[in-house]
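User: Hi! Could you walk me through this structure with a few questions and answers?

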Amino acid sequence: MNRTILVIEDEQNINDILTFTLGNEGYNTLSALDGITGLEMALTQNPDLILLDVMLPGIDGYEVCRKVREHSNVPIIMLTAREDEVDKVVGLELGADDYITKPYSNRELSARIKANLRRSAFDNVPSQPTEEQDTIVSGDLVINVDRYEVSKNGEVIDITLREFELLKFLAMQPDKIFSREKLLENVWGYEYYGDVRTVDVTVRRLREKIEDDPSMPKYIITKRGVGYYFNK
Ligand code: CA
């Protein structure tokens, strides 16, 4: 089955180019030219991924992202302008999975989409436990690698793909300190043009979900001036 990508972008020519390019790559596409229509389509058409421009008439991309996240874990890639460094961090904090800075190449766009779509693939993994499950257990935290699932005290935590992959990567090599650059390279998994604050934001969101007290983390520890490690 072809995956469906919703493009929310108000500039008609960019929207046309995006849907044309994605169509050529074998995706089904939906397109919206403003935030309200985009949000409505996101919630009613069940796209597999959303490309979301920040500056939109009506409600902006941040608001769309926030509202979509109240209902859905669909991967969201924000489209941001190069000069708006702050945009990226705000978008990630609101629950976007990734961002692409304009202008971007088709190769970069395609790589980001593929990486983020893996998420939908594991949404379809049956949730029946199997015997060969690969799990990492640490304190009250259980990381189920096969099912892309994290639970704490027996309760499944709502976690995004990036958060999961970052946690898994760190937890599989406990006590080993990784620089932000190394984490970008390994967890984001492709040539990443972003900045290292992406890692900090994702760590912060992850801590809010898995730590008893995010300001006094016991799982993901900051090594000042170096990076992060998982404390098993
Ligand atoms: Ca725009």
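User: Is Asp53 buried or exposed?

Analyst: This is a predicted model, where local features need pLDDT of at least 70, side-chain atom pairs count only at pLDDT 80 or more, and totals for chains, interfaces and linings use all residues. Residues are numbered from 1 along each chain as its sequence is written, and side-chain values use heavy atoms, with hydrogens and water left out. On the scale used here, buried means under 20% relative accessible area, exposed over 50% and partly exposed in between, with a 1.4 Å probe and protein chains only. Asp53 has a relative accessible area of 4%, so Asp53 is buried.

User: Thanks! Which residues are the protein donors of the calcium ion?

Analyst: Donors are N, O and S atoms within 2.8 Å of the metal (3.2 Å for Na, K and Ca), and water is not among the atoms, so sites may look incomplete. The donor residues follow the spacing D-x42-D-x1-M in sequence. Lying 2.1 to 2.3 Å from the calcium ion, the protein donors are Asp10 (OD), Asp53 (OD) and Met55 (O).

User: How many residues apart in sequence are the parts that Asp10 and Asp53 tie together?

Analyst: Helices (H or I, at least four residues) and strands (E, at least two) are DSSP runs, numbered from the N terminus. Asp10, partly exposed with a relative accessible area of 29%, lies in the loop between strand S1 (4–8) and helix H1 (12–24). Asp53 is in strand S3 (residues 49–53), so the pair ties together parts that are 43 residues apart.

User: Which strands stand at the edges of the five-stranded open sheet?

Analyst: Two strands pair if DSSP finds at least two bridges between them. The five strands run in the order S2-S1-S3-S4-S5, with parallel pairing. Each edge strand has a single partner, so one side of each is left without a neighbour in the sheet: these are S2 (28–32) and S5 (98–102).

User: At what angle to S12 does helix H6 run?

Analyst: S12 belongs to an open sheet of three strands, in the order S10-S12-S11, with antiparallel pairing. Helix H6 (residues 161–172) lies across S10, S11 and S12. Axes are lines fitted to C-alpha atoms, for helices over the stretch in contact (heavy atoms within 4.5 Å), and angles run from 0 to 180 degrees between N-to-C directions. For H6 and S12 the angle is about 70°.

User: Which residue takes a positive phi in the hairpin of S6 and S7?

Analyst: Strands S6 (residues 135–138) and S7 (residues 141–144) run antiparallel, joined by four bridges. Ser138 has Leu141 in S7 as its bridge partner. The hairpin has two residues between the strands, and the one with a positive phi near 60° is Gly139.

User: Last one: which helix gives the most to the lining of the largest cavity?

Analyst: On a 1 Å grid over the protein atoms alone, a cavity is a set of points where a 1.4 Å probe fits but cannot get out, and lining residues have an atom within 4 Å of a point. The largest cavity has a volume of about 40 Å³, a volume being the space filled by probe spheres set on the points, which are joined across faces, edges and corners. Its lining includes Trp188, Thr198, Thr202 and Arg205. With three residues, the helix that gives the most is H8 (residues 197–210).

Key. 1 Å grid on protein atoms, 1.4 Å probe; cavity = no way out; pocket = protein on both sides within 12 Å on 5 of 7 lines; lining within 4 Å.
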